[in-house]
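Have the model open as you read.

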Amino acid sequence: MPAPPTTVVSFVRHAHVPSVSDAERTPGLSRRGRRDAARVTARLADLADVVATAPAERARATVEGVADAADAPLIVDDDLRERELADSPIEDFDEAVEHLWANPNASHPGGESHAEAQARGVTAVDRLVEAYPDRHVVVGTHGTLMALVFNAYDPRYGREFWTGLTTPDVYEVTFVDGEAFSIARTWTPEADDRAGDADRDPAER
């Protein structure tokens, strides 16, 4: 009997971005972020068979070097985008996010619920796992969406996991016969990986 197909997915939370105004929702990487994106490339270029990314510049810029170095396809998938908090600035970000973690089906005006974002994120990953059996897929995405996808596989991955993520961060998920079998962190953060996170657009932490 042949072994079941195994796909390894390296989820990459985007690297550091500079402080931006509420009006600017697509910032690129900071100087530190570009340096760390090069570290991501060095870590994953020899492994990647295909790279998929959310459309936001910060996500794409963190992983496009992997695709270039590995001579691998780069797929932009809108379903890997960050959970949209609301359609206008939120006065108390922390309170708004706490409410969503405690109430997965709740949403703010113009925004997504955690349940909605989780469903589309899992669907996007399922497509990749089905399309690339026995391959290594690199996924460039965002912190909240990554935490929500992992939460679908294992409820221990929730708010505390999300708050502990660094920029960037890398986790490897092994899928056996289409099911998540293991989740392991493969990123080794430097001392300043979390420095300056508070300066980023709070809706996209």
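This is a predicted model: local features need pLDDT of at least 70, side-chain atom pairs count only at pLDDT 80 or more; totals for chains, interfaces and linings use all residues.

## A pair on one helix

Let's begin with Arg60, which counts as partly exposed at 32% relative accessibility. Arg60 forms a salt bridge with Glu64, and their closest N and O atoms sit 3.5 Å apart. Glu64 is partly exposed too, with a relative accessible area of 29%.

Why do these two line up? Both are in helix 2 (residues 57–70), and because they are four residues apart there, about one helical turn separates them.

## A charged network

By the rule used here, the count comes to 13 salt bridges. Another of them pairs Arg127 with Asp79, with the closest N and O atoms 3.2 Å apart.

Now look at Arg120 and Glu112, another salt bridge, where the closest N and O atoms are 2.8 Å apart. Are these two buried or exposed? Both are buried. Through shared partners, salt bridges link Asp77, Asp78, Asp79, Arg81, Glu112, Arg120 and Arg127 into one network.

## The overall layout

Stepping back, the protein chain has six helices and six strands. Read from the N terminus, the order is β-α-β-α-β-α-α-β-α-α-β-β. Of the contacts with a separation of 6 or more, 69% are between residues 24 or more positions apart.

As for the surface, the protein chain exposes about 9,600 Å², and carbon and sulfur atoms supply 48% of that. Buried residues make up 49% of the 205 residues.

In soluble globular proteins, nonpolar side chains tend to be buried together. Here, the largest nonpolar core has 34 residues, and those with the most contacts inside it are Val9, Phe11, Val139, Val149, Phe150, Phe161 and Trp162. Which elements give two or more residues to this core? On the strand side they are strand 1 (6–13), strand 2 (50–53), strand 4 (136–141) and strand 5 (169–176). On the helix side they are helix 3 (93–102), helix 4 (114–131), helix 5 (143–153) and helix 6 (159–164).

Leaving aside residues up to four places away in sequence, Val149 touches Phe11, Gly121, Val122 and Val125. There is also a second, separate core of eleven residues, with Leu44, Ala48, Val138 and Trp187 among them.

## A histidine in a loop

One last stop is His16, in the loop between strand 1 and helix 1 (31–44). With a relative accessible area of 9%, His16 is buried, because anything under 20% counts that way. What does the side chain of His16 make a polar contact with? The partner is the side chain of Ser30, at 2.6 Å.

Key:
Residues are numbered from 1 along each chain as its sequence is written. Side-chain values use heavy atoms; hydrogens and water are left out. A nonpolar core is a set of buried Ala, Val, Leu, Ile, Met, Phe, Trp, Tyr and Cys residues joined through side-chain atoms within 4.5 Å. Buried means under 20% relative accessible area, exposed over 50%, partly exposed in between (1.4 Å probe, protein chains only). Contact means heavy atoms within 4.5 Å. A salt bridge is a side-chain nitrogen of Lys or Arg within 4 Å of a carboxyl oxygen of Asp or Glu. Accessible areas come from the Shrake-Rupley method with a 1.4 Å probe; for residues, only the protein chains shown count as cover. A polar contact is a pair of N or O atoms within 3.5 Å; within protein, one must be able to donate a hydrogen and the other to accept it, and residues adjacent in sequence count only if both atoms are side-chain atoms.
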